[in-house]
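Work through the exercises below with the model open. Try each task before reading its solution.

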Amino acid sequence: MPAFRQVGEKQLPNPVKCMAWSPKRDLIALANTTGELLLHRLASFQRVWSLAPSEYTGKEITALAWRPDGKILAFSLGDTKQVVLCDVEKAEILHMFPMQSSVTCMNWMEVVEENSALGSFYNSEDESKLFLPELPALPKSYNTTSKIFSEEKSDEILNLLGEVRLNILVLGGDAGCVELYAYGMYKIASLGEVLGSCRSLSLSSDLKSLSLITEVQSADGVSEICYVQLDTGLLSDCLPEVTRMARKFTHISTLLQYLHLSLTSMCEAWEEILMQMDLRLTKFVQEKNTSTQVQDEFLDLLLWGQSSPELQALLMNQLTVKGLKKLGQSIESSYSSIQKLVISHLQSGSEALLYQLSEVRGMSLWKQKFECLGLDSDAIDDAITAVGSFSLKANELLQVIDKSTKNFKAFFRWLYVAMLRMCDEHVPPELNKMTQKDIAFVADFLSEHFSENEELFDRKGKYFHVERVGQYLKDEDEDLVSPPNTKGNQWLQFLQQSTYLKVSPLLFPSYPQKSLHFVKRMMENVIERCLQKPAEVIGRSVKQAVFLPLYAVSDNSEKIPHRFELPSLWNDKKGKMHCVVFCMPEISPSKLYLLRKGTDPKRHIPNSFMSFDLSHYLDSTDDDGVAARSHYVYSCLDARFYDDEMLTVVLQGSEDQNSRRLLAQVSLASSLSCDSEFSWEPGVRLDQQCSTIPCQGLVLGNQWRELENMKAQFVAVNGIRKVACVLSANLRHIRVFEMDVEDEDDEGAESQNAIVDQDGLETAMTGPGPVEESLESEGGSREQEGDMFQKSEELLQSQEAL
């Protein structure tokens with residue numbers, strides 16, 4: 001009976017570039033050459049969702065990685081040099097960040113090293129909830145500029161934090177750049193450039209070392225595949241402090257994303273219709289023939305109830321009574337929405353950000369624990385000051401909204417009544433009453449907002465800036481066109497006269513000439529500098545411990561997609577080892593090589609180099625029924641670690657054996673019992689001394705299956721879920737298997753079923769008891785037993801035909 005049960009098969013329309021199994025569920029993520037990201041279920045290989053490429057994110061996916069809890073999927077894009085975090089449940093983009101170079105490989109690892117200090121931290125993680133209110137959810141919206149869905153987005157953003165236990169996303173680039181992101185959000189380490197281009201990497205679960213496979217150009221122009229091990233002892237030695245710092249900084253990164261989306265929602269609430277008054281008045285100035293000021297025209301209408309023909313044409317033909325009413329409603333609705341977002345979202349997010357930064361500042365003052373990680377209290381103080389300035393600017397916007405709402409209400413009420421009178425229409429009694437105080441209020445509004453000064457003619461060709469809120473939401477570096485009037489502000493006068501308070505670090509600067517967007521970007525830059533220093537300090541502490549040149553790669557070799565290339569890396573958590581499996585087809589095509597190194601670079605691993613002879617003897621019978629033993633010689637097309645003690649391989653037979661291809665499980669237990677030890681000769685590449693590497697025979701047992709009608713080439717496995725996915729050489733044909741279940745649907749299984757059926761019929765024909773009774777109840781005679789045997793053969797033939 002063939003091993004492994006096939007549960008799905010599919011021909012895909014586009015070639016696959018990357019594939020990765022979920023660590024927790026029977027899901028597999030695929031990325032194809034069009035830039036589309038697909039998620040399929042194990043059962044019948046059913047598609048769950050697809051994420052189409054976009055110009056905003058990118059169209060060239062280069063690598064995939066699952067967060068250890070299986071809730072977030074990370075993928076990198078080569079054309080835009082960005083890394084994107086995607087929610088698996090809703091197929092929504094939650095976060096993205098740029099990289100200096102294109103990412104070629106990634107690995108998302110969870111720390112399993114237990115520490116007593118971490119236990120107390122895990123229990124005290126949610127203390128912030130005792131002091132801070134829960135952040136309100138963002139309104140349902142779709143931002144057409146950024147192509148980010150934000151329906152109830154705050155919940156998904158906070159889910160980016162995931163579990164308290166530290167997990168790290170490791171990214172490797174084609175220029176040798178390696179970066180580590182705690183919880184996939186905060187850059188905890190930026191390593192110096194590694195020699196060569198990264199092809200694969202793996203961070204040990206105890207944080208003691210990082211293994212890489214790199215491609216290096218030698219002095220004679222030959223490309224060499226090398227194994228590099230970096231010592232990350234600082235992360236391991238300071239694991240409790242690293243976890244606490246990373247968790248806080250990830251909170252801060254998440255809150256920055258929340259504030260960004262809140263401000264985006266505010267910009268969406270502000271509508272272009274609010275600029276109509278400014279544009280109409282500017283056009284009126286440019287087209288009028290009189291020398292009078294617009295301010296005078298409106299004051300004449302206010303005091304005497306009379307207007308010039310030009311002003312009357314502006315009001316009745318361009319603004320119109322209906323348009324004025326609609327404009328007033330739009331302004332009131334828009335300002336009310338923006339005001340609510342500032343109060344409920346910006347202020348809540350800013351308070352939470354100040355709390356987290358204050359916590360980090362307290363950590364930075366504990367120099368015995370956190371100074372070695374690069375926490376700088378001065379940089380954190382600058383970040384706290386920047387957040388305070390952002391809060392002040394948000395409060396300033398609230399004051400401008402409140403004042404503008406009152407001004408527009410009074411102005412539109414008066415202008416609406418005046419326009420009704422011009423049309424000789426009935427004026428409602430409740431609108432007709434206007435006190436002397438109301439008249440003075442409108443007059444002050446006209447004198448302040450309707451001054452036609454050539455110096456106010458801005459770069460967009462407008463004389464007037466009656467609408468004052470939109471300028472705060474513009475993402476521009478220029479100063480505000482109409483900054484708030486601070487004349488007569490006693491507090492500001494007191495500050496200017498005080499020598500000490502003017503430069504006091506306890507007071508936040510307000511930047512009255514800048515927009516809210518400008519202050520937000522300034523805050524983000526200051527916090528980014530604050531977060532960047534620990535990454536630089538930890539990065540400088542990482543040193544290269546091992547560098548082993550493995551073998552040379554010829555230029556004329558068949559081009560294999562980068563993500564499917566061997567060597568393959570694995571972190572043995574129990575044995576605390578880095579494992580590497582690779583082939584050297586030009587040196588020894590029928591061998592598979594295994595390299596093992598301790599996660600602690602100083603630890604010696606016995607039998608660190610091993611090889612497997614891919615020759616296999618298979619017992620069979622010839623046509624005459626005589627027992628025969630066939631000898632098969634295979635070459636390895638792909639190999640992946642199924643678990644700590646098993647490899648899953650795709651093997652190809654020689655041409656005289658019809659190049660048949662197998663999916664097989666290879667046990668690594670035999671390599672542990674080898675007595676001989678390989679002695680590495682320094683300065684010599686491994687392929688130049690591979691003849692002395694200890695070799696083990698290949699033992700497949702019944703853990704193999706021939707892959708018929710498929711030119712199998714690559715495999716992706718998940719030993720936790722016990723599943724495998726085989727991909728053909730053209731990258732379009734896929735088969736999915738359950739690895740711990742034997743297949744009953746193959747021809748071999750059918751032949752066995754036929755034997756079982758025949759044995760059962762013979763028993764029914766000769767044996768007494770319940771079987772006889774059942775047959776008698778169905779037919780009752782020996783002739784029916786013959787009919788049953790014939791029907792059984794017909795059923796088997798129909799099954800074979802199917």
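**Exercise 1.** Is Phe-582 buried or exposed?

Solution. Phe-582 has 0% relative accessibility, so Phe-582 counts as buried. Buried means under 20% relative accessible area, exposed over 50%, partly exposed in between (1.4 Å probe, protein chains only). Tyr-593 is buried too, at 2%. This is a predicted model: local features need pLDDT of at least 70, side-chain atom pairs count only at pLDDT 80 or more, and totals for chains, interfaces and linings use all residues. Residues are numbered from 1 along each chain as its sequence is written, and side-chain values use heavy atoms, without hydrogens and water.

**Exercise 2.** Classify the aromatic pair formed by Phe-131 and Tyr-355.

Solution. Start with the cut-offs. Rings of Phe, Tyr and Trp (its six-membered ring) pair if their centres lie within 6.5 Å; planes under 30 degrees apart count as stacked, over 60 as edge-to-face and the rest as tilted. The whole structure holds 15 aromatic pairs. For Phe-131 and Tyr-355, the centres are 6.0 Å apart and the planes 35° apart, a tilted pair. Phe-131 is in helix α2 (residues 128-131) and Tyr-355 in helix α9 (residues 321-365), so the pair ties together parts 224 residues apart in sequence. Helices are DSSP runs (H or I, at least four residues), strands likewise (E, at least two), numbered from the N terminus. Finally, check accessibility. Phe-131 is exposed at 58%, whereas Tyr-355 is buried at 17%.

**Exercise 3.** How are the rings of Phe-582 and Tyr-593 arranged?

Solution. Their centres are 5.6 Å apart and their planes at 15°, so the pair is stacked. Phe-582 lies in strand β21 (residues 577-584) and Tyr-593 in strand β22 (residues 588-598).
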